[in-house]
Amino acid sequence: MTPLMQLAAEQKSQEVTDWAARIGWVAGLVLLIGLVYWLMREGWKWRGTLQNDLPELPQAPADPGPARLRMTGRYHGSTTAGQWLDRIVAQGLGTRSRVDLTLTEQGDLIVLRPGAQDFAVPAQALRGARLDKGIAGKVLAEGGLLVITWEHGDRLIDSGFRSDRAAEHAAWLDALNPSRGDSAVAVQHHQEGPS
């Protein structure tokens, strides 16, 4: 047998693709992805139902008055204070978005979120601020997140913000924490406590 004939004898036809099995696997994968998405959505709705005792958020006033500080950046979510993974989704607090943050001369915090619900935090509800690295499952560089603690109803809430210019965070810490600097507004509201 010549080498050419031997080579021809060894060649086999390519195996035929089993399209029915392949389509079955793809359909099964699509169903699995759909099920996981549905379970995540139901979990989000269930969390919102558990938090339905959270009162309506104060609305941002049409004319908040002069601004003490302004910041643009991202709103990364809110959690129960001190529990960075216990996301609050009720009242729209779970929606991540762009944010325009304003601290007024009166000490009120105005949170304007394009595409999401705006809200305000009255000065007497503010409890302080810190730099952190994560909130609501979002992890950033160490100290890359401004976390503002405030009281709403009977809950203490941490809300996470990231400025487009991280150097602005220090001014916010000074304004919202009486121990960091000469922040007369923050000292006054910290001593008054919730009303």
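This is a predicted model: local features need pLDDT of at least 70, side-chain atom pairs count only at pLDDT 80 or more; totals for chains, interfaces and linings use all residues.
Is Glu 168 buried or exposed in this structure? Glu 168 is buried, with a relative accessible area of 19%, where buried means under 20% relative accessible area, exposed means over 50%, and partly exposed lies in between, using a 1.4 Å probe and protein chains only.

Residues are numbered from 1 along each chain as its sequence is written, and side-chain values use heavy atoms, with hydrogens and water left out.

Let me turn to the sheet. Strands of a sheet pair through backbone hydrogen bonds, either parallel or antiparallel. Here we have an open sheet of 7 strands in the order 4-3-2-1-9-8-5, with antiparallel pairing; strands are DSSP runs of E of at least two residues, numbered from the N terminus, and two of them pair if DSSP finds at least two bridges between them. Strand 4 (119-121) and strand 5 (126-132) each have a single partner strand and stand at the edges, so one side of each is left without a neighbour in the sheet. From one strand to the next the twist averages 35°, with axes taken as lines fitted to C-alpha atoms and angles running from 0 to 180 degrees between N-to-C directions.

Next come the charged side chains. If we call it a salt bridge when a side-chain nitrogen of Lys or Arg is within 4 Å of a carboxyl oxygen of Asp or Glu, the count comes to 6 salt bridges. In one of them, Arg 127 meets Glu 151, with the closest N and O atoms 2.8 Å apart. Arg 127 lies in strand 5 and Glu 151 in strand 8 (residues 145-152), so this pair ties together parts that are 24 residues apart in sequence. Arg 127 is partly exposed, with a relative accessible area of 23%, and Glu 151 is partly exposed at 23% as well.

Asp 158 is buried at 2% relative accessible area, whereas Arg 130 is partly exposed at 30%. A network of salt bridges links Arg 130, Asp 132 and Asp 158. As for Glu 168, with which I began, its side chain meets that of Arg 165 in a salt bridge (3.2 Å, N to O).

Finally, the aromatic rings, of which the structure holds 3 pairs; rings of Phe, Tyr and Trp (its six-membered ring) pair if their centres lie within 6.5 Å, and planes under 30 degrees apart count as stacked, over 60 as edge-to-face and the rest as tilted. The rings of Tyr 75 and Phe 119 have centres 6.5 Å apart and planes at 75°, so this pair is edge-to-face. Tyr 75 lies in strand 1 (residues 67-80) and Phe 119 in strand 4, so parts 44 residues apart in sequence are tied together. Tyr 75 is buried, with a relative accessible area of 0%, and Phe 119 counts as buried at 1%. Ring pairs link Tyr 75, Phe 119, Trp 150 and Phe 161 into a cluster.

Notes
Helices (H or I, at least four residues) and strands (E, at least two) are DSSP runs, numbered from the N terminus.
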